[in-house]
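Colleague: I have a structure open and would like to go through it with you. Can we start with how the chains meet?

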Amino acid sequence: MAEFSWEARSPLERALVSEPYGVQGEAGVALTEIRNFDLVQVMARRGKASEMATAAKGHFGVAAPETPKAVRTADATLIWSGPDQFFVLSKGGRQSVKSLVPIFAASASLSDQSHARVLISISGDKARALLAKLSSIDLYPAAFPVGAVAATSMDHTSVTLWRGNDAPGGRAVFNVLVFATFAESLWQTMLDSGAEYGIEIGHSEELA
Amino acid sequence: MRITCPFCGERELGEFTYLGDAKPVRPAPGASQDEVYDYVYLRDNVAGAMEENWYHGGGCRAWLRVTRNTLTHEISSVEPAAGAGARQVVK
């Protein structure tokens, strides 16, 4: 039997080139791919939404979002993804699917999405201008504050969009979770949309 | 045209997929051939308010029951379809 060596690689490994893109000078947008995260989809079983909520509160210490919001816990972010369902986003295996299975055994179905999605962080003075070309969601600060979430579409691709904590200096940070196989396409679209502002491109191991 | 998803709020038409008339109900297992034929093939051609099933596939992936006027596209109500999640979060 053949021996295989599996190596986890980012779906953006080919498309992401860590150098300035578009107009030269000070970049108006920073596009950062966040790599190596744990992402678990938690979906209540039929009629078990309140049991799931109780289990989540007991485990995380805070209530899981029941409206389009993202909630920070000590070592994870809980992101609304639809009625009676949410994502658990974390790093370093602290909230992996394996550790969550016993918590939700009686109330919810779990699905490991760690390698199924790509996480792109968009920040900078022109972040909203770039996103306005891709999305019809109102990202005005009062309409889309820190912690706001939208399950929506960009460039005909389903995404989960949420606003993370502001970067130092108070600049807004938007996070986009996109299906891995659509990530390269959406990435190229983001590059096209942001070229006129100048883009700083990179990848990071740190969750924003 | 925009649809106000009870879970997500107001969204553009492109996020939704149209299934069709929400009125037909699957006949009981012992139903006559005519009843099954009616359920599968026969549809009313409504001019006015019509209940329809829509799918918010580009968003929260919930099934919705939308009442739309086929003459004006005016939408008078949007509710989660049965089994689409218990909580209605946006009024």
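Modeller: One term before that: two residues are in contact if their C-beta atoms, placed from the backbone, lie within 7 Å. Keep in mind that this is a predicted model.

Colleague: Fine. How many residues does the contact take from chain A and from chain B?

Modeller: Chain A gives 13 residues and chain B gives 15 residues. On the side of chain A that touches chain B, the largest share is four residues, and they come from strand 8 (residues 149–154) of chain A. That side of chain A has five nonpolar, six polar and two charged residues.

Colleague: Strand 8 of chain A, then. Is it mostly covered or mostly open?

Modeller: Mostly covered: six of its six residues are buried. Buried here stands for 20 or more other C-beta atoms within 10 Å of the residue's own.

Colleague: Which residues of strand 8 of chain A point which way?

Modeller: Val149(A), Ala151(A) and Ser153(A) point one way, while Ala150(A), Thr152(A) and Met154(A) point the other way. All of them are buried. As a general point, side chains in a regular strand alternate between the two faces of the sheet.

Colleague: What does strand 8 of chain A pair with over six bridges?

Modeller: With strand 9 (residues 157–163) of chain A, in the antiparallel sense. Within that pair, Thr160(A) in strand 9 of chain A stands opposite Ala151(A). The hairpin of these two strands has two residues between the strands, and Asp155(A) takes a positive phi near 55 degrees in it.

Colleague: What is the strand order of the six-stranded sheet in chain A?

Modeller: The order is 8-9-10-7-1-11, in an open sheet with mixed pairing. Strand 8 and strand 11 (199–204) of chain A are the edge strands, each pairing on one side only. From one strand to the next the twist averages 25 degrees.

Colleague: Which helix lies across those strands?

Modeller: Helix 4 (residues 180–194) of chain A. The strands it lies across are strand 1 (29–34), strand 7 (117–123), strand 8, strand 9, strand 10 and strand 11 of chain A, and it runs at about 140 degrees to strand 10 of chain A.

Colleague: New topic. Which domains does the assignment give for chain A?

Modeller: Domain 1 (29–36 + 115–204) and domain 2 (38–112). The C-alpha centres of domain 1 and domain 2 of chain A lie 23 Å apart. Eight residues of domain 1 of chain A are in contact with nine residues of domain 2 of chain A.

Colleague: Which element gives the largest share of domain 1's side there?

Modeller: Strand 8 of chain A again, with three residues. By class, the side of domain 1 of chain A that touches domain 2 of chain A has five nonpolar, two polar and one charged residues.

Colleague: How many residues are in the largest nonpolar core?

Modeller: It has 72 residues, and Val29(A), Ile79(A) and Ile122(A) have the most contacts inside it.

Colleague: Why does that core lie between domain 1 and domain 2 of chain A?

Modeller: Because both domains give residues to it.

Colleague: Take Ile79(A). What does it touch?

Modeller: Leaving out residues up to four places away in sequence, Ile79(A) touches Ala70(A), Phe86(A), Phe87(A), Leu89(A), Val149(A), Thr160(A) and Trp162(A). Of these, Val149(A) has already come up as one of the buried residues of strand 8 of chain A.

Colleague: Now chain B. How many helices and strands are there?

Modeller: Chain B has one helix and six strands. Along the sequence the pattern is β-β-β-α-β-β-β. Of its 91 residues, 23% count as buried.

Colleague: What is the order of the four-stranded sheet in chain B?

Modeller: The order is 3-4-5-6, in an open sheet with antiparallel pairing. Its edge strands are strand 3 (17–21) and strand 6 (75–80) of chain B. Neighbouring strands are turned by 30 degrees against each other on average, direction ignored.

Colleague: How many bridges join strand 4 and strand 5 of chain B?

Modeller: Seven bridges join strand 4 (residues 49–55) to strand 5 (residues 63–69) of chain B. Trp54(B) has Leu64(B) in strand 5 of chain B as its bridge partner.

Technical notes: Residues are numbered from 1 along each chain as its sequence is written. Chains are lettered from A and ligands numbered from 1 in the order in which they are written. This is a predicted model: local features need pLDDT of at least 70, side-chain atom pairs count only at pLDDT 80 or more; totals for chains, interfaces and linings use all residues. Ala, Val, Leu, Ile, Met, Phe, Trp, Tyr, Cys and Pro count as nonpolar, Asp, Glu, Lys and Arg as charged, and the others, Gly among them, as polar. A residue is buried if 20 or more other C-beta atoms lie within 10 Å of its own, exposed if 12 or fewer, and partly exposed in between; C-beta atoms are placed from the backbone. Two strands pair if DSSP finds at least two bridges between them. Axes are lines fitted to C-alpha atoms, for helices over the stretch in contact, and angles run from 0 to 180 degrees between N-to-C directions. A nonpolar core is a set of buried Ala, Val, Leu, Ile, Met, Phe, Trp, Tyr and Cys residues joined through C-beta atoms within 7 Å. Domain bounds come from an automatic or database domain assignment.
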